[in-house]
Amino acid sequence: MNLATEQIGEVLLVMPEGQINSANAAGIEADLVAQIEKGARKVALDLSRLDYISSAGLRVVLVLAKRLKQSAGALVLCSIQPQVREVFDISGFLAILTVTDTREQALQKLG
């Protein structure tokens, strides 16, 4: 699992690559929470390179969204691959999270 980040203006763009599963979820969560503690308030999660997400991975996304909300921030997911989108859909997460089709739309929403 590779977790690339890029600062674009006020937005922290996070691009996980590969899989988020029970083996690596805790480490990813720690990395993302550390970013919020450093001051990140607007986060775009670009899932274009994410092939698989488990329930542990869904929990990471939920923790991230909750932490950002608590600190008056926002989370937008974008570019979700079909097989990953299905997991978000089945779990009901698409109804409670902000999701856009493209990175540009996510940045615009957070801008």
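We start with the annotation. UniProt, in an unreviewed entry, lists residues 1–110 as "domain: STAS". Keep in mind that what you see is a predicted model. Over residues 1–110, the content is 45% helix and 31% strand. The end C-alpha atoms of that span lie 26 Å apart.

I'll begin with β2, residues 11–20. How many residues of β2 are buried? Eight of its ten, so call the strand mostly covered, given that buried means under 20% relative accessible area.

Take Met15 as an example. Met15 lies in strand β2. Met15 is buried, with a relative accessible area of 8%. That is why it gets the label: the cut-off is under 20%, and Met15 has 8%. For a sense of distance, take Gly92. Met15 and Gly92 are 77 residues apart along the chain, and their C-alpha atoms are separated by 22 Å.

Next, the partners of β2. Strand β1, residues 2–8, runs antiparallel to β2, and seven bridges join them. Two pairs to click on. Asn2 has Glu17 of β2 as its bridge partner. Leu3 has Pro16 of β2. β1 and β2 form a hairpin with two residues between the strands. There, Gly9 takes a positive phi near 65 degrees.

Then β3, residues 42–46. β3 pairs with β2 in the parallel sense, over four bridges. Leu13 stands opposite Ala44 in β3. And the connection? β2, α1 and β3 make a right-handed β-α-β unit.

Now β4, residues 50–53. Three bridges join β4 to β2, and the two run parallel. Here Ile20 is bridged to Ile53 in β4.

We move on across the sheet. β3 also pairs with β5, in parallel, through five bridges. Leu45 has Leu77 in β5 as its bridge partner. β5 is mostly covered too, with four of its five residues buried. From β5 we step to strand β6, residues 98–100. Those two pair in the parallel sense over three bridges. The pair to look at is Cys78 with Thr100 in β6.

On to the cavity. How many cavities of 30 Å³ or more are there? The count comes to one. About 50 Å³ of space lies in the largest cavity. Which residues line the largest cavity? Pro16, Ile20, Ile28, Leu32, Leu45, Gly57, Val60 and Val61. β2, α1 and α2 are the elements that each give two or more residues to that lining. Which element gives the most? α2, with three residues. By class, the lining of the largest cavity has seven nonpolar residues, one polar and no charged ones.

Some of these names came up earlier. Pro16 lines the largest cavity, and Pro16 is also the bridge partner of Leu3. Ile20 is in the lining and is bridged to Ile53. Leu45 is in the lining as well, and Leu45 pairs with Leu77.

Let's turn to helix α2, residues 55–70. Gln70 is found in this helix. Buried or exposed, which is Gln70? Gln70 is exposed, with a relative accessible area of 57%. The cut-off for exposed is over 50%, so Gln70, at 57%, qualifies. Compare the position of Gln105. Gln70 and Gln105 are 35 residues apart in sequence and 23 Å apart in space, C-alpha to C-alpha.

Last topic: backbone angles. Most residues other than glycine have a negative phi. Two residues here deserve a look for that. Ala72 has a phi near 60 degrees, a positive value in a residue other than glycine. Where is Ala72 found? In the loop between α2 and β5. Ala72 is exposed, with a relative accessible area of 72%.

Ser79 has a positive phi of about 55 degrees, although it is not a glycine. Ser79 is found in the loop between β5 and α3, the helix at 82–90.

To recap two points. β2 pairs antiparallel with β1, and in the parallel sense with β3. Over to you for questions.

Note on methods:
Residues are numbered from 1 along each chain as its sequence is written. This is a predicted model: local features need pLDDT of at least 70, side-chain atom pairs count only at pLDDT 80 or more; totals for chains, interfaces and linings use all residues. Side-chain values use heavy atoms; hydrogens and water are left out. UniProt positions are given in the numbering used here, feature names are shortened, and annotations may be inferred rather than shown by experiment. Buried means under 20% relative accessible area, exposed over 50%, partly exposed in between (1.4 Å probe, protein chains only). On a 1 Å grid over the protein atoms alone, a cavity is a set of points where a 1.4 Å probe fits but cannot get out, and a pocket is an open set with protein on both sides within 12 Å along at least five of seven lines; lining residues have an atom within 4 Å of a point. Grid points are joined across faces, edges and corners, and a volume is the space filled by probe spheres set on the points. Ala, Val, Leu, Ile, Met, Phe, Trp, Tyr, Cys and Pro count as nonpolar, Asp, Glu, Lys and Arg as charged, and the others, Gly among them, as polar. Two strands pair if DSSP finds at least two bridges between them. A crossover is right-handed if, with the strands pointing away from the viewer, the path from the first strand over the helix to the second runs clockwise.
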